[in-house]
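Let's take a friendly walk through a protein model together. Keep the picture open beside you as you read, and look up each part when it comes along.

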Amino acid sequence: MSSSNSWKSTHFILSLCVLISFIDACFASRKLTALVQDPQMQLLKYHKGALLSGKINVNLIWYGKFKPSQRAIVSDFITSLSTSTPSNVDPSVAQWWKTTEKYYHLANSKNTLSLSLGKQVLLENYSLGKSLTQKQIVQLASKGEQRNAINVVLTASDVAVDGFCVNRCGTHGSSKGAVIKGKTYKFAYIWVGNSETLCPGYCAWPFHQPIYGPQSAPLGAPNNDVGVDGMVINLASLLAGTATNPFGNGYYQGEADAPLEAASACPGVYAKGAFPGYAGDLLVDKTTGASYNAHGTNGRKYLVPALYDPATSSCSTLV
């Protein structure tokens, strides 16, 4: 199962959007030319499948070498999603995440989703090598909890993954998990790679000079880490897709094996005024000069993508 961000207007914009086409989640590789839609036809349809609901642990599986400071950036982001741990400063990551609740309301679902940081697994010895297949990503994801979980595999900057930097920066999907009293449960998984070494202009834009399109200056990364701040953008996109289309039959637009989802329907948009090559009118930290649009826990600042708002049929931003 897979989903991807893509955008096509002209051949020139297509080249740019190879850059901002961040995600190919695990339903199948989506063609980069697929997003050609009339604005009136962009409502993500509900395909009657289950949405992710209940109390879900987000487990982080770190493959390769990451600094403790890098792990803290991501774990603080997961914690920031919960309204029970507010940042006390608006706009917040928790506010951004609340847009996903509209999908549940639209589906007339009485279920709710509550995410919390689960366990963290450190796999620093590269036990599967430094070039991974999709099958190995699922194998790594299975090291997290097998029930009521999103298992997130994060690969270090010196790890290659099939399709990474070519047509995707991360994936999401689901796999069979624990068997309890004869019932087989599924767990959702996400993979995101650190692109700092291999392709920051593809997977960490706008914090790095883009590889295609208008060559505007890169923005300052809010946590002073181009690779990991880029990972947060992609992780945020994939978390929204996982919540609203966890098993391939939730909310999506287009072909079932190549859907657009809550975040991938709004590629390259982070604030009002965005256009190809320009992320939008973002907030700027007066001290560091870094760009961001959401506050998190522990004084963090993050850049999160626009989410497709099913109530207004438009891309919704915090700023």
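Strand β10 gives the largest share of the lining of the second largest pocket, six residues. Strands here are DSSP runs of E with at least two residues, numbered from the N terminus. The model is a predicted one, in which local features need pLDDT of at least 70 and side-chain atom pairs count only at pLDDT 80 or more, while totals for chains, interfaces and linings use all residues. Residues are numbered from 1 along each chain as its sequence is written, and side-chain values use heavy atoms, leaving out hydrogens and water.

In all, 15 residues line this second largest pocket, and L52, N148, Y185, K186 and F247 lie nearest its centre. Its volume is about 240 Å³.

Now follow β10 (residues 183-193) to its partner: β7 and β10 pair in the parallel sense over six bridges, where pairing takes at least two DSSP bridges between the strands. Here T155 stands opposite G193 in β10. Strand β4 (residues 54-63) also pairs with β7 in the parallel sense, over seven bridges, and L60 stands opposite V152 in β7.

How many residues of strand β7 are buried? Seven of the seven (residues 149-155) are, so β7 is largely enclosed by the rest of the structure. Buried means under 20% relative accessible area, with a 1.4 Å probe and protein chains only. In a regular strand the side chains alternate between the two faces of the sheet. On one side of β7 you will find A149, N151, V153 and T155, and on the other I150, V152 and L154, all of them buried.

Definitions and conventions:
Buried < 20%, exposed > 50% of the residue type's maximum accessible area, 1.4 Å probe, protein only. Helix = DSSP H or I, 4+ residues; strand = E, 2+ residues; numbered from the N terminus. 1 Å grid on protein atoms, 1.4 Å probe; cavity = no way out; pocket = protein on both sides within 12 Å on 5 of 7 lines; lining within 4 Å. Points joined across faces, edges and corners; volume = space filled by probe spheres on them.
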